[in-house]
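Thanks for coming, everyone. I'll keep this brisk. Please have a look at the model on the screen.

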Amino acid sequence: MAMDILRSPVSAVRLFNGGATRSRRFNVRATLPFPQQNAKHYKELQAAIDVVQRACRLCLNVKSSLFSTDGKVLEKNDQTPVTVADFGVQALISFELNKLFPSIPLVAEEDSAFLRTRNLAGTVLDAVTDTASSTCKPLTQDDVLEAIDRGGKDAFVFGSKPATYWVLDPIDGTRGFLKAGKALYVVGLALVVEGEIVIGVMGCPNWKEDLSEKSSVEIEEGWDSLGGSGTVMIAHKGCGTWMKSLNSQLKSSGVWTRCFVDGSDIIHKARFCIPDSQTWESLPLTSLFNATSNADNVGSNQILLLGACCGSLCKYLMVASGRASIFILRAKEKTIIKAWDHAVGIICVHEAGGKTGKAAT
């Protein structure tokens with residue numbers, strides 16, 4: 001299924017548990033939770049973690065002034081909300097990765113056309129400069145625009161052979177980013193080598209502690225005081241999926257915790273995620289189960305539908321961490337599924353013991 005998403009324009013994704021239980025936890029205090037000799041793409045993963053953490057810091061810097069400064073909230077022609085942070089993250093990650101791996105192209109969501117027409121390159125430059133690593137000379141607006149376009153739609157041409165490239169979603173869940181409340185958003189980066197996803201890093205700056213043992217009332221009343229200042233999730237082919245907290249400087253801190261998908265094998269005891277654009281009534285299971293968002297009172301003919309996340313990668317993060325049991329995406333006619341919406345999520349779920357595939361029709 002990973003290959004289908006990376007190569008074909010239309011598909012459907014369904015995530016389900018792989019039989020692992022949430023009680024299987026391993027904690028490791030180290031730069032990475034597995035030895036370098038076991039990980040072929042160790043250096044690439046280290047670099048990816050660093051740039052995603054920098055990107056998370058950029059997101060929070062921009063968001064802190066989002067609701068008080070004009071010009072930070074923009075909108076693309078397709079009415080999808082996009083922010084200076086969206087362009088800034090792409091510029092930052094493109095710039096940093098190109099310094100380290102100049103031969104590996106970047107496939108990303110944005111290009112600089114919008115910024116050029118709105119004269120917003122200077123605003124993005126300020127955001128990038130605050131979080132970029134040291135350079136020999138100060139960055140310019142042209143540097144930022146070129147970095148963004150390095151991942152744009154016209155920047156690369158793939159031949160018939162499987163390619164090696166980075167896949168980036170600068171901010172998955174931009175609607176969540178624009179909300180001041182509980183909605184999650186994710187910076188997602190993956191590396192594809194000869195057509196296979198080999199590493200993935202997701203950074204979620206507003207991830208909170210595990211809420212599975214809290215009632216919906218407790219969550220609603222105490223969200224702002226819940227512990228945690230974000231998380232970074234990583235996956236490497238054959239080495240598992242791991243999570244680590246981000247500290248107040250948005251750098252990984254503490255210990256790595258091994259992730260496993262939820263082991264629920266009874267439908268009405270599972271926790272479901274669906275796209276925000278779809279409803280439970282549009283899915284096949286609606287004839288057997290109703291949906292509720294009240295975790296305190298799930299009946300035998302009901303399923304628990306989780307909120308607090310907007311984009312697809314947020315839901316992959318929920319599933320790979322074990323917080324959600326399943327993410328169902330029902331394909332629509334002429335809907336194009338884009339690689340950056342799924343690549344990093346796929347490897348994180350797979351390495352956590354889950355599966356991705358087409359739902360039965």
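I'll start with the overall picture, then go through the cores, some helix packing and a few individual residues.

First point: this is a predicted model. The protein has 361 residues, and 53% of them count as buried. It contains ten helices and 16 strands. Now the contacts. Take those between residues at least 6 apart in sequence: 72% of them join residues at least 24 apart.

On to the cores. The largest nonpolar core has 61 residues. Which of them touch the most other members? Ile93, Trp166, Leu189 and Ile234 do. And which helix gives the most to this core? Helix 2, residues 42–63, with twelve residues.

There is also a second, separate core, of 38 residues. Its members include Val107, Val186, Ala190 and Ala352.

Let's stay with Leu189 for a moment. Leave out residues up to four places away in sequence. Then the contacts of Leu189 include Ala48, Val51 and Val52. Also among them are Ile93, Leu97 and Trp166. Further along the chain, Leu189 touches Ile199, Gly200, Val201 and Val344, among others.

Next, helix 5, which runs over residues 121–129. Its buried residues include Ala121, Val124 and Leu125. Ala127 and Val128 are buried there as well. Where do they sit around the axis? On the same side of helix 5, because they cover an arc of only 165 degrees. And what do they pack against? The buried residues of helix 5 meet helix 2, helix 3, helix 4 and helix 6. Helix 3 is residues 84–100, and helix 4 is residues 113–118.

I'll take two of its partners in turn.

Partner one is helix 5. The axes of helix 5 and helix 6 come within 9 Å and cross at roughly 90 degrees. The two helices are therefore roughly perpendicular to each other. On the helix 5 side, the contact involves Ala121, Gly122, Val124 and Leu125. On the helix 6 side, it involves Gln141, Val144 and Leu145. By class, that contact has five nonpolar residues, two polar ones and no charged ones.

Partner two is helix 3. Here the packing angle is about 85 degrees, and the axes are 8 Å apart. So helix 3 and helix 6 are roughly perpendicular to each other too. Helix 3 brings Phe87, Gln90, Ala91, Ser94 and Phe95. Helix 6 brings Val144, Ala147 and Ile148. The class count for this contact is six nonpolar, two polar and no charged residues.

Is Asp149 buried, exposed or partly exposed? Its relative accessibility is 27%, so Asp149 counts as partly exposed. Setting aside residues up to four places away in sequence, Asp149 touches Asp111, Ser112, Arg116 and Ala155. Asp149 and Ala113 are 36 residues apart along the chain, yet their C-alpha atoms are separated by 8.7 Å.

A word on backbone angles. Most residues other than glycine have a negative phi. Two residues here go the other way.

One is Asn119, with a positive phi of about 55 degrees. Asn119 sits in the loop between helix 4 and helix 5. Asn119 is exposed, with a relative accessible area of 67%.

The other is Glu194, with a positive phi near 50 degrees. Glu194 lies in the loop between strand 7, residues 186–193, and strand 8, residues 196–204. At 60% relative accessibility, Glu194 is exposed.

Last stop: the loop between strand 12 and strand 13. Pro275 is in this loop. Is Pro275 buried or exposed? Its relative accessibility is 10%, so Pro275 counts as buried. Beyond residues up to four places away in sequence, Pro275 touches Lys315, Phe327, Ile328 and Leu329. From Pro275 to Phe327 is 52 residues in sequence, but 8.2 Å in space, C-alpha to C-alpha.

Ser282 is in that loop as well, between strand 12, residues 271–273, and strand 13, residues 290–292. Ser282 is partly exposed, with a relative accessible area of 31%. Ser282 and Arg330 are 48 residues apart in sequence and 8.5 Å apart in space, again C-alpha to C-alpha.

Terms used
Residues numbered from 1 in each chain as written. Predicted model: local features only at pLDDT ≥ 70, side-chain atom pairs only at ≥ 80, totals over all residues. Heavy atoms only, no water. Buried < 20%, exposed > 50% of the residue type's maximum accessible area, 1.4 Å probe, protein only. Contact = heavy atoms within 4.5 Å. Core = buried A, V, L, I, M, F, W, Y, C linked by side-chain atoms within 4.5 Å. Helix = DSSP H or I, 4+ residues; strand = E, 2+ residues; numbered from the N terminus. Arc of directions from axis to C-beta. Axes fitted to C-alpha atoms, helices over the stretch in contact; angles between N-to-C directions. Parallel < 35°, antiparallel > 145°, perpendicular 65-115°, else oblique. Nonpolar A, V, L, I, M, F, W, Y, C, P; charged D, E, K, R; others polar.
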